[in-house]
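This report goes through one protein model, from a sheet to a group of aromatic rings and then to the confidence of the prediction. Please keep the sequence and the structure at hand while reading.

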Amino acid sequence: MTAIWGFLSIFLLCPLLGGLPLVDWITRTFANKNLRELGTGNLSVSAAFYHGGTTIGVLAVLSEAGKGLVAVAIARYFFPQYPVWELIALITLVLGRYWMGKGAGTTNVVWGLLLHDPIATGLILLIGGISFTIFRERVTGRYVGLFLLAFILTLQRPNDPDYILAAITLAVLIGWIYQLIPDDLDLPEQQAKSNSQTVFRFFRGDNAILTLQDKLEARKVGRKAATLAQLKRWNYPVPDGWVLPAGDDSQPLLLSLEPSVQQPFVVRSSAVGEDSETASAAGQYITVANVTTSEELSEAILRCQTSYNNPSAVQYRRDAQTREKKRKSRNISLSVIIQKQIQGAFSGVAFSRDPVNRYSDAVVLEALPGDAAQVVSGHTTPDRYRVFLDRSESQSEQETVQINENSPPCVIEGQGETPFRIIQEVAQLARDLENRFHGIPQDIEWTHDGQQLWILQSRPITNLQPIWTRKIAAEVIPGAIPPLTWSINRPLTCGVWGDIFTVVLGEDQAADLNFEETATQHYSNVYFNATLLGQIFRRMGLPPESLEFLTRGTKFSRPPLLSTLKNIPGLLRLLGREWHLTRDFEQDYQKWFSPTLNQLKYPPNSFNEEELLTRIDLILSTLRRSTYYSILTPLSLSFRRAILGVSEQELENRNTPEVASLVALAALASKTRNLLPMEQLQFDSCPSLFAYLAEYPDGENVLKQFNEWLETYGYLSETATDISVPRWRENPRPMRQLFTQYIFDEHQRWQIEQQAKSDTNSNILNLVVQRRLNLKGKSTEVYSRLLAHLRWTFLALEKIWLEKDWLQEEGDLFFLKLPEIRSIIEDNDTHLQTRLLELIDQRRKQWKKDKTISNLPFVVYGKPREDDLPPISPLPSQQQLQGIAGSPGIAEGEIKIMRNLGEISSLSRDTILVVPYTDSGWSPFLAQAGGIIAEVGGQLSHGAIVAREYGIPAVMDVHNALTLFKNGQRVRIDGEQGIVELLD
């Protein structure tokens with residue numbers, strides 16, 4: 001019985017003891033301060049010293065020390081013969097300290113270990129204290145101390161594996177918590193209580209001089225210093241330098257440096273928030289060059305620090321914070337960089353992407369003889385060069401330049417005094433740095449001393465941020481989207497993605513991320529924020545291209561190990577969601593999806609405006625849940641396929657709506673063919689067939705079954721996510737035409753029927769993936785049905801407003817936004833009501849104009865101008881285009897361009913169908929072609945699924961295919977290699 005009470009005390013009482021906010025109570029009582037609302041929000045001993053002073057800090061130490069002593073005493077009382085339980089008690093105490101008290105439990109553990117093993121603890125403190133005093137680097141000191149804890153305790157009991165495991169677990173746990181919580185010692189020293197500043201400064205390790213050789217954090221020393229340090233660690237040529245963090249004493253640094261005429265220094269700012277993706281702060285702070293004496297160095301540091309409070313700099317920071325109003329407020333401070341000054345023979349700036357002509361592939365350089373100051377000062381006009389590292393991108397008549405055999409040929413436009421070999425070297429460096437920084441275009445300051453090229457600064461080109469991409473968005477929400485559709489889709493898409501990311505990152509790590517910026521519209525088309533997604537994935541410990549890997553099968557780079565380890569708990573939370581996805585979907589289906597869909601069966605034609613708005617809100621609330629599955633289920637499917645090594649050909653797609661609809665229609669066509677006197681029929685057109693069926697004795701039953709099929713699958717359309725696009729049920733003509741083709745084309749119908757009967761490999765790994773594919777089919781059906789009902793509800797509202805003469809023609813409603821519709825119905829906004837026709841006309845014109853754009857960019861840098869479009873590149877000289885392999889096989893045939901389902905015509909096995917995108921509504925027509933080329937999409941797109949199901953070669957993601965190819969051209973496509981070859 002004693003053991004049971006001991007077990008309960010350690011696993012229940014100790015965590016509660018650890019979670020007691022004694023430090024917070026002490027600080028509230030004696031200093032009248034709430035630690036949760038100050039600084040880092042930690043309820044830690046260091047926070048008590050910082051905000052409350054020495055006396056309160058000592059009381060905090062005593063309170064937390066008591067917890068550690070009590071925990072060890074409890075374990076010793078119940079398990080006197082088993083020291084391992086004392087370590088387990090400290091582990092549970094630390095967990096409670098972190099979960100409830102938001103602290104690392106360092107004080108608890110130190111004092112608990114003193115009672116547990118005074119000799120070992122004394123040795124740990126002695127060695128750790130000596131190393132920290134000598135090296136003065138607190139982060140390293142902490143981890144050295146944790147290593148000593150595990151190592152020395154292990155040496156004490158080398159034959160007790162349970163004890164060794166507990167000691168290692170305790171050290172690892174504390175180290176893990178250090179990674180998760182902010183450090184109070186990072187707060188500005190000057191704001192600490194005056195009687196605590198000496199202790200605070202000692203434990204911060206301020207005597208350690210930071211250099212650009214160290215690993216620096218942008219949140220502590222600013223992005224400029226952190227970037228230069230990172231470049232130096234990557235072995236890029238960066239002049240040696242030192243960093244003085246904000247609030248640190250400059251005296252140790254001044255005593256260690258000896259500027260001279262022979263080796264002058266340059267002093268520069270590195271403010272937190274400077275040189276970021278959204279704010280460069282260029283020219284806001286002072287740079288002092290040619291510092292040759294210690295006195296000049298001290299004065300230069302002071303001038304640089306003082307420039308932080310210049311009115312223009314203060315206003316710039318205020319404006320920047322206004323632009324980022326969604327983000328969490330942060331401590332902004334200025335560090336100082338001191339570098340050895342390079343005597344430049346040629347200097348300048350380089351942009352890895354043209355900041356003005358943003359669709360050009362040129363690297364833009366400005367250069368002059370001498371140092372870099374005269375180029376960035378704006379007082380001298382530099383020589384300007386444009387370098388095309390890929391010769392095919394240049395439209396210039398300029399000759400190709402190749403500096404030496406080891407350098408690739410390039411085209412350099414422009415003339416000046418700077419040698420071309422330096423220009424090419426800088427251009428290659430600029431593009432290399434862009435790749436290093438995850439594709440973010442870089443603004444580089446450089447200098448060349450006659451022997452060596454040096455990097456003085458590298459920062460993002462702010463007007464080319466963020467980077468927007470259609471690569472995935474064009475498949476999820478394809479085409480030009482009218483305002484109503486986007487006003488519904490954006491909060492759904494951004495909101496659900498934000499929820500998923502927050503599951504992994506946690507509330508604290510996700511607090512400064514604006515998930516509303518996950519997607520936007522350019523030229524009426526949807527683009528995803530590649531910059532934000534890359535930042536999120538890196539913060540999650542995943543490569544920035546993770547989303548494209550999962551959805552499109554692109555290459556997957558090695559994730560950053562440290563960040564991945566740090567986010568293991570969050571990734572495990574997401575993995576738990578993935579594991580229970582089927583269970584959660586079934587629960588939501590019974591509780592939400594099925595009841596809502598049953599309720600929506602009743603037509604809304606007799607509803608008034610308020611009832612229609614209530615119905616819209618019901619659909620939207622259910623759609624939010626459905627969107628979660630429509631996003632996470634395809635990702636889960638891709639994840640399982642990649643992990644288990646299951647190919648697309650090993651999976652059965654007949655349960656997906658796009659394939660199930662084809663199989664059902666082919667079966668009905670086969671049954672109808674057996675009923676009709678085929679040899680007597682003198683027609684093969686759709687109207688004639690349906691007119692004949694209306695008169696034929698058994699034709700009424702066929703028409704009834706066709707209408708039932710249309711009722712079952714009538715929620716599908718060529719673009720399910722765009723509620724402005726009619727559903728099959730509204731426009732059955734293409735489906736009737738397809739039904740007619742199935743009846744008269746026996747081979748095509750037979751192929752679909754045979755495919756429906758085919759079996760796939762049913763080993764256990766395939767079944768694991770197959771179940772997820774089946775779930776994808778179910779979630780897609782629910783999502784598409786809800787969107788169809790949403791469209792039909794808006795059509796009922798549009799009919800009312802047409803009768804009131806608020807609208808002029810069908811389709812007008814889709815050029816309003818949901819908040820505007822809500823304002824008119826709920827708030828009776830008469831002013832907006834009178835402007836409806838004007839708004840609709842303006843938006844419709846813009847939408848129609850955007851629909852005609854043939855050279856829509858796949859990547860947009862920053863915020864483009866309305867007329868800022870890339871040139872259309874002709875077919876390359878080798879007459880080949882590379883896309884994504886969608887479905888294996890080789891096919892030759894004639895190009896047939898089909899921009900939408902309204903352009904449907906007869907297709908054959910000699911037709912290579914070129915389409916802008918593929919949704920489930922396209923499936924019946926894709927299955928008739930001999931091959932498929934799509935402008936967007938990947939291996940999981942509807943078109944690729946249908947093509948694999950029916951053995952049709954398909955190549956996805958062929959940019960500008962609708963423009964590059966012409967009807968009637970003969971091509972060969974290789975669906976396994978993703979290659980399209982023009983034969984004419």
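Two strands are taken as paired if DSSP finds at least two bridges between them. In this predicted model, 5 strands form an open sheet in the order 1-2-5-3-4, and their pairing is antiparallel. Strand 1 (210-211) and strand 4 (288-291) are at the edges; each has a single partner strand, so one side of each is left without a neighbour in the sheet.

Strand 1 runs antiparallel to strand 2 (residues 241-244), and 2 bridges join them. Within this pairing, Thr-211 is found opposite Trp-242 of strand 2. Helix 12 (residues 223-233) packs on the sheet and touches strand 2, strand 3 (265-271) and strand 5 (334-340). The direction of helix 12 makes about 115° with that of strand 3.

## Strand 19 and its partners

Strands of a sheet pair through backbone hydrogen bonds, and the pairing can be parallel or antiparallel. Strand 19 (residues 890-897) runs antiparallel to strand 23 (residues 970-974), with 5 bridges joining the two. Here Glu-892 stands opposite Arg-972 in strand 23.

How many bridges join strand 19 to strand 20 (residues 911-915), and do they run parallel or antiparallel? There are 4 bridges, and the two strands run parallel. Lys-896 has Leu-913 of strand 20 opposite it.

## Aromatic rings

The whole structure contains 27 aromatic pairs. Because Phe-706 lies in helix 28 and Phe-739 in helix 29 (residues 733-744), the pair ties together parts 33 residues apart in sequence.

Residues under 20% relative accessible area count as buried. Phe-706 therefore counts as buried, at 1% relative accessibility. Phe-739, at 0% relative accessibility, counts as buried too. Phe-690, Phe-706 and Phe-739 belong to one aromatic cluster together with Trp-709, Tyr-713 and Trp-728.

## Charges over rings

Arg-736 lies over the face of Phe-690, a member of the aromatic cluster, at 5.0 Å from the ring centre. Elsewhere in the chain, Arg-157 lies over the face of Tyr-163, at 4.7 Å from the ring centre.

## Overall composition and confidence

The protein has 984 residues, of which 54% count as buried. Its secondary structure comprises 37 helices and 24 strands. Of the contacts with a separation of 6 or more, 68% are between residues 24 or more positions apart.

The average pLDDT of the protein is 82, and 83% of the residues score at least 70. Over residues 322-331 the pLDDT is below 50, although this stretch has 13 contacts in the model beyond near neighbours in sequence. Where pLDDT is low, the predicted coordinates should not be read in detail.

Key: Residues numbered from 1 in each chain as written. Predicted model: local features only at pLDDT ≥ 70, side-chain atom pairs only at ≥ 80, totals over all residues. Heavy atoms only, no water. Contact = heavy atoms within 4.5 Å. Axes fitted to C-alpha atoms, helices over the stretch in contact; angles between N-to-C directions. Phe/Tyr/Trp six-rings, centres within 6.5 Å; stacked < 30°, edge-to-face > 60°. Buried < 20%, exposed > 50% of the residue type's maximum accessible area, 1.4 Å probe, protein only. Lys NZ or Arg CZ within 6 Å of the ring centre and 35° of its normal. pLDDT = per-residue confidence, 0-100.
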